[in-house]
Amino acid sequence: MRICIVTPNLVLHDGQGRVNYEIVQEAIRRGYSVTVLAQQLESDLLHHPQVTWIRFSTISFPVQILSDLLFAFQSQQWLRINTHQFEVLQIDGAVTDFVCDVNVVHFVHSAWLKSPVHLSRTQKNLYGLYQWLYTSMNAYRERVAFSKAGSIIVVSDRVKQELLSLGVSENKISVIYNGVDVNEFKLGQGDRIALKLPEGVPLALFIGDLKTNRKNLDTVLKALQHLPETHLVVVGNPQGSPYPEMARNFKIHDRVHFIGRRQDIPKVMQSCDFFVFPSRYEPFGMVITESMATGLPVIISKCSGASELATSSSSLVVDPEDTKALVDAMRILSIDINLRKRMGQAARQIAEQHTWRSKAASYINLLEERQTA
């Protein structure tokens with residue numbers, strides 16, 4: 001089978017890119033050839049004999065909208081000439097304006113636009129206007145893309161329900177949860193000293209984009225005011241973020257450790273006691289299952305797709321706007337070491353049921369079905 005995949009970045013340290021990387025690896029194992037239309041490709045695939053990379057321009061525009069439209073135009077023009085070479089065409093969301101066999105949906109912009117905390121509602125300025133324009137444009141382009149897809153794969157039942165509300169036929173939709181690398185993210189003892197993190201204190205972990213309010217670090221910082229013994233590690237780029245100043249204003253800056261973007265995330269996770277991630281909108285949230293794989297109990301939002309995998313023995317699920325409930329959950333896990341251990345063991349067991357190998361096999365099985373349809 002000859003497969004074509006269209007995605008802006010097929011790299012490991014990118015949620016959407018990681019899914020496609022695993023799909024390519026499974027296709028290789030089955031002896032298929034894969035052509036990838038992308039701006040970036042993971043290095044170990046660059047010279048693989050079964051992989052062809054069609055590289056498009058990586059022009060850096062001042063706004064993301066222009067970069068997205070350029071990629072869509074370039075890929076559409078290429079596909080018009082070359083699509084006959086392939087048995088199956090897979091795209092992600094609205095990355096290209098072309099009829100496809102399979103569309104993999106990682107995010108639904110129309111759903112995020114409806115959120116009461118969308119930046120267009122919380123920031124009445126030029127940036128908020130831009131966010132409204134960006135999300136609205138993508139919402140429109142996604143609806144067109146969904147109508148052109150033969151089959152649609154979504155990363156959670158939450159996303160499935162969002163597509164159904166847009167009028168997408170249920171018969172077109174399959175749910176395949178994101179996987180986790182249980183060999184990279186595994187049980188182990190971290191080294192707080194090496195990471196310059198405090199010893200002898202309960203240590204919570206937050207990982208996410210620090211420039212917007214979607215991941216909801218603000219509510220975590222509010223909760224931390226009521227937990228004087230608990231410290232928080234924050235992974236993410238703090239440049240241009242409002243949260244370091246917020247921590248100072250709350251007078252908790254000595255207990256909030258902004259350590260920037262990291263490549264050693266498993267080591268950071270192994271050094272912490274629990275993971276807290278009350279995202280306001282999260283189609284899945286790979287970082288949740290990665291934390292679970294390292295044996296961390298997780299405090300997550302009911303708005304996260306990954307919460308569909310959670311059990312009461314592994315996770316605490318809270319309303320993202322309920323600061324008191326978050327305080328209570330963080331306090332329990334800060335105090336009860338035995339509970340953390342039991343929940344961490346249960347979390348690891350759940351993660352082991354969702355390996356990337358199994359998820360990639362499900363993807364390729366569906367592509368094979370589309371080939372014969």
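## Stop 1: the cysteines

Searching the whole structure for disulfides (pairs of cysteine sulfur atoms within 2.5 Å) turns up zero. Before selecting anything else, note that this is a predicted model, in which local features need pLDDT of at least 70 and side-chain atom pairs count only at pLDDT 80 or more, while totals for chains, interfaces and linings use all residues. Residues are numbered from 1 along each chain as its sequence is written, and side-chain values use heavy atoms, with hydrogens and water left out.

Select Cys4 and Cys100. The closest cysteine sulfur to that of Cys4 belongs to Cys100, and at 11 Å it is too far for a bond. A disulfide is, after all, a covalent bond between the sulfur atoms of two cysteines. Cys4 is buried, with a relative accessible area of 0%; buried means under 20% relative accessible area, exposed over 50%, and partly exposed in between, using a 1.4 Å probe and protein chains only. Cys272 is buried as well, at 6%.

## Stop 2

Switch to a cartoon view. Helices (H or I, at least four residues) and strands (E, at least two) are DSSP runs, numbered from the N terminus. Two strands pair if DSSP finds at least two bridges between them.

In what order do the seven strands of the open sheet run? The order is S5-S3-S1-S6-S7-S8-S9, with parallel pairing. Select residues 51-55 for S5 and 173-175 for S9: these strands stand at the edges with a single partner strand each, so one side of each has no neighbour in the sheet. On average, neighbouring strands here are turned by 20 degrees against each other, direction ignored. Axes are lines fitted to C-alpha atoms, for helices over the stretch in contact, and angles run from 0 to 180 degrees between N-to-C directions.

Now zoom in on S1 (residues 2-6) and S3 (residues 33-38), which pair in the parallel sense over five bridges.

## Stop 2: strand S13 and its neighbours

Move to strand S13 (274-277). Show its side chains: Phe274 and Val276 point one way, Phe275 and Phe277 point the other way, and all are buried. S13 pairs with S10 in the parallel sense over two bridges, and Ala204 stands opposite Phe274. S13 also runs parallel to S14 (residues 298-301), joined to that strand by three bridges. There, Val276 stands opposite Ile299.

## Stop 3: aromatic rings

The structure holds eight aromatic pairs. Rings of Phe, Tyr and Trp (its six-membered ring) pair if their centres lie within 6.5 Å; planes under 30 degrees apart count as stacked, over 60 as edge-to-face and the rest as tilted. Keep Phe275 and Phe277 selected: their ring centres are 5.6 Å apart and their planes are at 20 degrees, so this pair is stacked. For a cluster, select Phe107, Trp112 and Tyr281 together.

## Stop 4: charged partners

Side chains of opposite charge can pair when their charged atoms come close. The count of salt bridges is 22, where a salt bridge is a side-chain nitrogen of Lys or Arg within 4 Å of a carboxyl oxygen of Asp or Glu.

Select Arg141 and Asp97, whose closest N and O atoms are 3.8 Å apart in a salt bridge. This pair links distant parts of the chain, 44 residues apart: Arg141 sits in helix H5 (residues 126-147) and Asp97 in the loop between S6 (88-92) and S7 (100-105). Which of the two is buried and which partly exposed? Arg141 is buried, at 8% relative accessibility, whereas Asp97 is partly exposed, at 28%.

Finish at Glu282. Arg214 lies in the loop between S10 (203-207) and helix H8 (217-224), while Glu282 is in the loop between S13 and helix H11 (286-293), 68 residues apart. Glu282 also forms a salt bridge with Lys215, with the closest N and O atoms at 3.0 Å. Glu282 and Lys215 are both buried, and Arg214 counts as buried at 15% relative accessibility.
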